[in-house]
Amino acid sequence: MRLINIGFGNMISAERLLSVVHPDSAPVKRLVTEAKDRGMLIDASYGRKTQSVLIMDTDHVVLSAIPPDKLAKSLEPDNQT
């Protein structure tokens, strides 16, 4: 199992990650609100500005303070940190 650092010492499983998106569009905001209502939202931003929304295959939605481009770099196969 490969883990990805999503900030502040929090990790997620790379195999469970479906998508990393920017939080500013209306559909993503709606997705976050619906996940919160269902109890499936995990806020790993520690009160900082949410810069990326991670969509998991378990129907969880995870908020991170790390921008999507930096998370994408950690997903590259040659970057096994």
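## A pair across two strands

In strand S5, the bridge partner of Leu17 is Met56, where strands, like helices, are DSSP runs numbered from the N terminus (E and at least two residues for strands, H or I and at least four residues for helices). The model is a predicted one, in which local features need pLDDT of at least 70 and side-chain atom pairs count only at pLDDT 80 or more, while totals for chains, interfaces and linings use all residues. Residues are numbered from 1 along each chain as its sequence is written, and side-chain values use heavy atoms, with hydrogens and water left out.

S3 and S5 (residues 52–56) pair in the antiparallel sense over four bridges, and two strands pair if DSSP finds at least two bridges between them.

## The sheet as a whole

Four strands make up an open sheet with mixed pairing, in the order S3-S5-S6-S4. Strand S3 (17–21) and strand S4 (41–43) stand at the edges with a single partner strand each, so one side of each is left without a neighbour in the sheet. On average, and with direction ignored, neighbouring strands of this sheet are turned by 20 degrees against each other; the angles are taken between N-to-C directions and run from 0 to 180 degrees, with axes as lines fitted to C-alpha atoms, for helices over the stretch in contact.

Helix H1 (residues 26–38) packs on the sheet and touches S3, S4, S5 and strand S6 (61–64), and its direction makes about 115 degrees with that of S6; contact here means heavy atoms within 4.5 Å. Helix H2 (residues 68–75) also packs on the sheet, touching S3, S5 and S6, and the direction of H2 makes about 145 degrees with that of S3.

## Strand S6 and its partners

S5 and S6 run antiparallel and are joined by four bridges, and Ser52 has Ser64 in S6 as its bridge partner. The hairpin of these two strands has four residues between them, and in this hairpin Asp59 takes a positive phi near 80 degrees. S4 and S6, in turn, pair in the parallel sense over three bridges, and Ile42 stands opposite Val62 in S6.

In a regular strand the side chains alternate between the two faces of the sheet. From S6, Val61 and Leu63 point one way and Val62 and Ser64 the other way, and all are buried, a term that means under 20% relative accessible area, with exposed over 50% and partly exposed in between (1.4 Å probe, protein chains only).
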